[in-house]
Amino acid sequence: MIRTDSTNSPKKISLGRYAPGLLLCATLATIAMSLSKLVWMQNHGLSNLTTAILLGMIAGNSHAIFQHRGLEQGMMISKQTLLRAGIILYGLRLSFRDIQQLGGTAFAIDALVLGTTFAIALFLGKKVFALDDKLTVLIGAGSSVCGAAAIMATSPVIKGKSDDASIAISGVMIFGTISMLMYPLIFEWNRHVQVIPLSTSGFGIYVGSTMHEVAQVIVAGKAVSDSAGDAAVITKMLRVMMLAPFLLLLPFVLRLLKKHNTKVIRPTDSSESRIEIPWFAFMFIGVAAINSVLIIPTEIRTVLTNTDNFILCMSMVALGLSTKISTLRQAGIKPVLLAMSLWLWLIFGGAAINYVCK
């Protein structure tokens, strides 16, 4: 009996580690969904997802109880596993025809944005800000591909330090969150002055090709319209799928730079690291394809959509709780300036690329 209890106890402890963080994310997500139904919130474009990430950021940066280590396990599940599940289920809102219509243009824009952003990151990080090479690559990967996921996937390839990854993630999260709140305002301003003649669908492509995180893309796109949100998610998913080829090409790029730099990152051997393939992006496409050929009963679709909304809200809360302004303060000004420079390029340079390729 003693052995039975000892073998069972680790499982109970393990489950207990996830519960506090998951409960906190679920509670704040419920509050966010309730607040978003208020007329004032709706009139000011504050959707449940926007409200959820804002609540998370306020909580995570304001009170010590929300920064307790006991919350980390559950927050990680919400921020990663639930987010990916929510993105996969989002495919139920799209058809394969939607993806096909945007595919060629969105792919070309994504490739140009990714390539130019990463090249600018390497130049500014080395020549202008004189940052550590590994930190430069991590900030560049997060800005050019898909935020925190790209940073965590790139770190083992270049033997990056955990502190560098934390700094890079904080940078892309903070500037990505600013974009998430700012892009809908940019759309309204552009709709009146017509600086760039973009439709709601075209603006969705702009959002998906230039914002850092998938979650932020969903929030910003849906704040404009459903069609903009759909176009934004499709474009972002195509960009996420570029993570695998990006990681495959990264060692060759670093070796090429070795000819021009005295100090260069030495990538890990293929035996020491493996390329992370973002399978959830392909599963998202698969769910959209299933939605295109099967008739899903309305009752089931409603349940799945409501579930998707809730777990996405939990993910937004977790992302907000993990966005620590203090991390950037401790890192110094130069990493912040690099992240901000790439953020500005994504806004203005990305707009130019979208205009040329539309």
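Q: Is A130 buried or exposed?
A: In this predicted model, A130 sits in the loop between α5 (96-128) and α6 (133-146). Its phi is near 50°, a positive value in a residue other than glycine. The cut-off for exposed is over 50% relative accessible area. At 57% relative accessibility, A130 counts as exposed.

Q: What secondary structure does the chain have?
A: The chain has 358 residues, and buried residues make up 50% of them. Of the contacts between residues at least 6 apart in sequence, 82% join residues at least 24 apart. The secondary structure comes to 16 helices and zero strands.

Q: Which element of the chain has the lowest mean pLDDT, and which the highest?
A: The chain averages a pLDDT of 81, and 86% of the residues score at least 70. Among the elements, the lowest mean, 72, belongs to helix α1 (residues 2-35), and the highest, 93, to helix α16 (residues 333-357). Over residues 1-13 the pLDDT is below 50, and this stretch has zero contacts in the model beyond near neighbours in sequence.

Q: How many contacts beyond four places in sequence does the model have for residues 269-273?
A: The pLDDT stays under 50 over residues 269-273. For this stretch, the number of contacts beyond four places in sequence is three.

Q: Which residues does L22 contact, leaving aside its neighbours within four places in sequence?
A: L22 lies in helix α1 and is partly exposed, with a relative accessible area of 26%. L22 and M75 are 53 residues apart in sequence, yet their C-alpha atoms are 6.2 Å apart in space. With neighbours within four places set aside, the contacts of L22 are G74, I77, S78, L82 and M314.

Q: At what angle do helix α4 and helix α14 pack?
A: Helix α4 covers residues 72-90 and helix α14 covers residues 298-322. Their axes are 8 Å apart, and the crossing is left-handed. The angle is about 145°.

Q: How many nonpolar, polar and charged residues does the contact of α4 with α14 have?
A: On the α4 side the contact includes M75, S78, K79, L82 and L83. On the α14 side it includes L304, D308, I311, L312 and M314. By class, the contact has 15 nonpolar, four polar and two charged residues.

Q: Why is helix α10 largely enclosed by the rest of the structure?
A: Helix α10 spans residues 214-224. Its buried residues are V214, A215, Q216, V217, I218, V219, A220, G221 and V224. Helix α10 is largely enclosed because the number of its 11 residues that are buried is nine.

Q: Which residue forms a salt bridge with R191?
A: An α-helix has 3.6 residues a turn, so residues three or four places apart point the same way. R191 is partly exposed at 45% relative accessible area, and E188 is partly exposed at 34%. The closest N and O atoms are 2.6 Å apart, and the partner of R191 is E188.

Q: Is D133 buried or exposed?
A: The side chains of K126 and D133 meet in a salt bridge, at 3.6 Å from N to O. K126 has 27% relative accessibility and counts as partly exposed. The cut-off for buried is under 20% relative accessible area. At 12%, D133 counts as buried.

Q: How far apart are the closest N and O atoms in the salt bridge of D226 with K222?
A: This is one of the three salt bridges that the structure holds. D226 counts as exposed at 53% relative accessibility, while K222 counts as partly exposed at 27%. The closest N and O atoms of D226 and K222 are apart by 2.9 Å.

How values were computed. Residues are numbered from 1 along each chain as its sequence is written. This is a predicted model: local features need pLDDT of at least 70, side-chain atom pairs count only at pLDDT 80 or more; totals for chains, interfaces and linings use all residues. Side-chain values use heavy atoms; hydrogens and water are left out. pLDDT is the predictor's confidence in each residue, from 0 to 100. Helices (H or I, at least four residues) and strands (E, at least two) are DSSP runs, numbered from the N terminus. Contact means heavy atoms within 4.5 Å. A salt bridge is a side-chain nitrogen of Lys or Arg within 4 Å of a carboxyl oxygen of Asp or Glu. Buried means under 20% relative accessible area, exposed over 50%, partly exposed in between (1.4 Å probe, protein chains only). Axes are lines fitted to C-alpha atoms, for helices over the stretch in contact, and angles run from 0 to 180 degrees between N-to-C directions. A crossing is left-handed if the near helix is turned anticlockwise from the far one by less than a right angle, and right-handed if clockwise. Ala, Val, Leu, Ile, Met, Phe, Trp, Tyr, Cys and Pro count as nonpolar, Asp, Glu, Lys and Arg as charged, and the others, Gly among them, as polar.
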